[in-house]
Amino acid sequence: MMNSTQFTSFMLAGYSDSGHLRYLYFIIITVLYVSIVFVNTVLIVVICMERSHHEPMYLFLCSLFVNDLYGSTGLFPALMTHLVSDDHTVSTVCCYLQIFVLYTYGSIEFSNLAVMSYDRYLAICSPLQYNVIMTPSKVCILICVIWLYSFVKFTIQLSLTIRLRLCGNVIDKVYCDNYLVVKLACSTSDTTVNNIYGLCGIVMTVAVPLITIVFSYIKILTICLKSSIETRQKAFRTCTPHLASLLNFSFGCLLNLLQSRFEKSMRNVPTVLHTILSVYYLMCQPLLNPIVYGVRMAKIRQACKNILSVGMYT
């Protein structure tokens, strides 16, 4: 049996010696994070302040923007600190906290997008029953279920990881990753429960929302094919931001999954590109969501203009 040690910290080996370029990376990351915080906060305020936006679609969007703030805050401050520091160690408590935030962020994001696809299905395919089915109270319950389910599910998964005896503390990424921590376990037999629960978690987190998304869009496509050109155009305008967000997030998650599972194949990839691919879904999604929804949705765009114009003249 390999020797196990009670580690008090982890070493993030994803950081390379980039010399003075690290200050350029720090500036880029800082600007990106400030932009994410600003645009998401503005849209959250707009939705909360405008009573006309207290509709199901906008409430789901508000949940999405809050989650983007939550997830980006779990990554960016730590990333910015490590970029300008020569010490790339992180305490076990902070590491597990980051794992919890990033994994729950991913679960909430995908579940929220799935519920939004169902909301679009009801609005397009059953417009007369929409207000009866999607009441504000039901929307709030759905949002609470999404967040609580993700928190409870990953609390169990993280507790299974924390109990493991580790024979190493080097994580080959720029942030803490649950899969890589589990790989540090001294015995593969100790990780059996983790693997089984993780597999079930993937099914619940990915398969169930994916079924909802596919079902919703098949129904929407069926209705559009039977409807007038005007109806098709309206459906297209309504669904385009959601599809853009969904495809971008799915692409980012797929990149991250492939990197984690095929480490040997990724060793020939330049370090900077490797890092960008690993954080893509955490960096681009929180910035893309407010942009595509803010630009494509007239009500939000107009409300932003009103608030900014009021601010300029006060």
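Val 214 is partly exposed, with a relative accessible area of 42%. Here buried means under 20% relative accessible area, exposed means over 50%, and partly exposed lies in between (1.4 Å probe, protein chains only). The residue sits in helix H7. Helices (H or I, at least four residues) and strands (E, at least two) are DSSP runs, numbered from the N terminus. The model is predicted: local features need pLDDT of at least 70, side-chain atom pairs count only at pLDDT 80 or more, and totals for chains, interfaces and linings use all residues. Residues are numbered from 1 along each chain as its sequence is written, and side-chain values use heavy atoms, with hydrogens and water left out.

Val 214 belongs to a nonpolar surface patch together with Ile 202, Val 206, Leu 210 and Ile 218. The accessible area of these five residues comes to about 400 Å² together. Accessible areas come from the Shrake-Rupley method with a 1.4 Å probe; for residues, only the protein chains shown count as cover. Patches are made of residues with over 30% relative accessible area and no salt bridge; like charges are joined within 9 Å, and nonpolar side chains (Val, Leu, Ile, Met, Phe, Trp, Tyr) within 5 Å. A salt bridge is a side-chain nitrogen of Lys or Arg within 4 Å of a carboxyl oxygen of Asp or Glu.

Phe 251 is likewise partly exposed, at a relative accessible area of 45%. Its place is helix H8, residues 229-261. The C-alpha atom of Phe 251 is separated by 7.7 Å from that of Tyr 281, which is 30 residues apart from it along the chain.

The overall fold was described next. The protein has 10 helices and three strands. Their order from the N terminus is β-α-α-β-α-α-α-β-α-α-α-α-α. Of the 314 residues, 44% are buried. Among contacts (heavy atoms within 4.5 Å) with a separation of 6 or more, 82% join residues 24 or more positions apart. The accessible surface of the protein is about 16600 Å², and carbon and sulfur atoms contribute 70% of this area.

Two disulfides are present in the structure. The criterion is a pair of cysteine sulfur atoms within 2.5 Å. Cys 95 lies in helix H3 (residues 92-125) and Cys 176 in the loop between strand E3 (170-171) and helix H6 (178-182), so the bond ties together parts that are 81 residues apart in sequence. Both Cys 95 and Cys 176 are buried.

The other disulfide joins Cys 167 to Cys 186, at an S to S distance of 1.8 Å. With 110° about the S-S bond, this link is right-handed. Cys 167 is in the loop between helix H5 (136-162) and E3, while Cys 186 is in the loop between H6 and helix H7 (192-226); the two are 19 residues apart. Cys 167 is partly exposed at 23% relative accessible area, whereas Cys 186 is buried at 12%. With the bonded cysteines numbered in sequence order, the pairing is 1-3, 2-4.

Further cysteines were also examined. Cys 224 counts as buried, at 12% relative accessibility. The cysteine sulfur closest to that of Cys 224 is in Cys 239, 6.9 Å away, which is too far for a bond. Cys 253 counts as partly exposed, at 28% relative accessibility.
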